[in-house]
Amino acid sequence: MESVLNFIANIAWWQWILGIVVIVAIRDVFFNKHHIITRNFPVVGHFRYMLESIGPELRQYIVANNREELPFDRIQRDWIYTSAKNINNYEGFGSDRDFDGTNYIFINNAMMPYRLPEHHPNQKDPYFVPCAKVMGLARGRRYPYRPASVINVSAMSFGSLSGRAIASLNKGVKLSNAYHNTGEGGISPYHKNGGDLIMQIGTAYFGIRDEDGNFSMDKLVDLVNNTPTIKAIEVKLSQGAKPGKGGVLPASKITKEISEIRHVPMGEDVISPPYHTAFNDIKSLIQFIEDVAEQTGLPVGVKAAIGKIDQWKLLAQQMKETGQGPDFITIDGGEGGTGAAPPSFADHVSVPWMQAFKNIYKIFSANELTDDVVFIGSGKLGFPSEAAMAFSMGVDCINVAREAMMSIGCIQAQSCHNNTCPTGITTQNKWLEKGINVEEKSIRALFYFKNFRKELLEITHAAGYEHPCQFTMEDANINLSDQDFTKTLADAYKYDKQQVDFKSMRDLQTCQYLGGNYNQAHSEKQVSTCKVRY
């Protein structure tokens, strides 16, 4: 034994390396049955796979230029990061954007910008930009809700995101007076950090399902009664990442915590079907919405990615005839999102946000329903210029998902689907998740929302308006790359946005239905005809 140890000790380092190379070469030539490259090019072929595995990092940090990457380029990510850190988010020496590119947006500034009058709410609070409409007020819901921020967190479930990521976002929306859409995975303890919640109902009814997996109204009512931060309910019909497709949560990923939150058994795969079982057509959808609104007292809306529009026309017609239906509609872009999806769905099923929104808004405008519905845009709108364009087209609020993730540390590693997110945001790996400092990241989310709203207001004032809801289709131009080259949104999309019933920021500030955590002591003198839910 001693002689063997002496022999090993006398082996030089280069002999170890040579031996390992020989073993790898023998394995590649004689035992490898799966990889052609390493079979034909033993040893050196492995470098191909090594470089391929770090290809995204090489391109992201070395190869790609500032405006080349998708879905978010380096300049866009840098604006989010610097805004979230509350440091200089400006750029110098002019723009490096391609002004001649198709679908490039130009916001038309006014000759004389809007000037804040004395005692205007934005004099003291340059971040105050609530929604100009009230969810549920038009249909007489018992607890109407005015979102206190025009930018909010889009639907991302606990399970898709880690617990610490959810907690960071919820604390961030509380600090910034925004709301937090729960996603379809149910309400977890991480959602209960004080931020306003939009409770999403998905096809699997996680958290509100009976023993057979069907929707349970009793469980929903109990959940709403026990969670006062729930301000509205959203019925998810489809999502941009994979419209019309369900999902599978493998048994291996179902922890005891997830099992209890989603009301699903341990040790079994959980299927999310592509369709709802609580309703099956437009008439039953409207009835479902009305039943939920009546039982909970909350505004109820729908979320969908858009493809065919025939059923949307039918929905609008029945809403006009009956005076019933969703209080808000969230339009999701087909560009994909945080949800894992087959490339064929993420790349080709449903249309991009701009086409989707204009198709739906035109239908509701033609039926004179825009005053009764709060329109929410969701699809890479987490930048002030894109938001200004969206408000010009008719949105009342925007939801952000990936941009919100970046504000708390996401680096666009694009590993959301394989549980290996290096920042711990989209993984259930406890080791990776521990890297998230919830208190620090919630402050990052706060500053992202605040700086977004401030810059959006500055663009709004530059266009001569007090609130973004006042933007019209004539206030933005879009490159079409045809003979006319640049047209206003009205000329390009052939509709006019309906004017929002906006009086002033002061009127919004004193609204009894205003969400968030703004001090409303001065509004208590108002006589309310509806109950305010705290």
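Of the contacts in the protein with a separation of 6 or more, 68% are between residues 24 or more positions apart. The model is predicted. Its secondary structure consists of 20 helices and 13 strands. Of the 534 residues, 51% are buried. The protein exposes about 25600 Å², and carbon and sulfur atoms supply 54% of that area.

Two packed helices are described by the angle between their axes and the distance between the axes. The pair α6 and α18 joins residues 74-84 to residues 438-462, with axes that come within 7 Å and cross at roughly 110°. Angles of 65 to 115 degrees count as roughly perpendicular, and α6 and α18 are therefore roughly perpendicular to each other. Their crossing is right-handed. On the α6 side the contact is formed by Trp-79, Ile-80, Ser-83 and Ala-84, while α18 contributes Ile-443, Arg-444, Phe-447, Tyr-448, Asn-451, Phe-452 and Glu-455. By class, these residues divide into 7 nonpolar, 2 polar and 2 charged.

The next two pairs share helix α11, which spans residues 282-296. Helix α9 (residues 217-226) packs against α11 at an angle of about 45°, and the two axes are 10 Å apart. That angle makes α9 oblique to α11. The crossing of α9 and α11 is right-handed. Met-217, Leu-220, Val-221 and Val-224 of α9 make the contact with Asp-291, Val-292, Gln-295 and Thr-296 of α11. Sorted by class, the contact of α9 with α11 has 5 nonpolar, 2 polar and 1 charged residues.

The other partner of α11 in this account is helix α12 (residues 310-322); the axes of α11 and α12 come within 10 Å and cross at roughly 55°. This makes α11 oblique to α12. The crossing of α11 and α12 is right-handed. Here α11 uses Ile-282, Lys-283 and Ile-286, and α12 uses Gln-311, Leu-314, Leu-315, Gln-318 and Met-319. The contact of α11 with α12 comprises 5 nonpolar, 2 polar and 1 charged residues.

The loop between β4 (196-201) and α9 contains Ser-216. Is Ser-216 buried or exposed? Buried means under 20% relative accessible area, and Ser-216, with a relative accessible area of 13%, is therefore buried. Leaving aside residues up to four places away in sequence, Ser-216 touches Ile-208, Arg-209 and Asp-210.

Most residues other than glycine have a negative phi. His-263 has a positive phi, near 60°, and is placed in the loop between α10 (256-262) and β7 (270-272). Its relative accessibility is 33%, so His-263 counts as partly exposed. Lys-494 also has a positive phi near 60° and is a residue other than glycine. Lys-494 lies in the loop between α19 (489-493) and α20 (505-509). Exposed means over 50% relative accessible area, and Lys-494, at 60% relative accessibility, therefore counts as exposed.

Methods. Residues numbered from 1 in each chain as written. Predicted model: local features only at pLDDT ≥ 70, side-chain atom pairs only at ≥ 80, totals over all residues. Heavy atoms only, no water. Helix = DSSP H or I, 4+ residues; strand = E, 2+ residues; numbered from the N terminus. Buried < 20%, exposed > 50% of the residue type's maximum accessible area, 1.4 Å probe, protein only. Contact = heavy atoms within 4.5 Å. Areas by Shrake-Rupley, 256 points an atom, 1.4 Å probe, with all protein chains shown as cover. Axes fitted to C-alpha atoms, helices over the stretch in contact; angles between N-to-C directions. Parallel < 35°, antiparallel > 145°, perpendicular 65-115°, else oblique. Left-handed = near helix turned anticlockwise from the far one by under 90°. Nonpolar A, V, L, I, M, F, W, Y, C, P; charged D, E, K, R; others polar.
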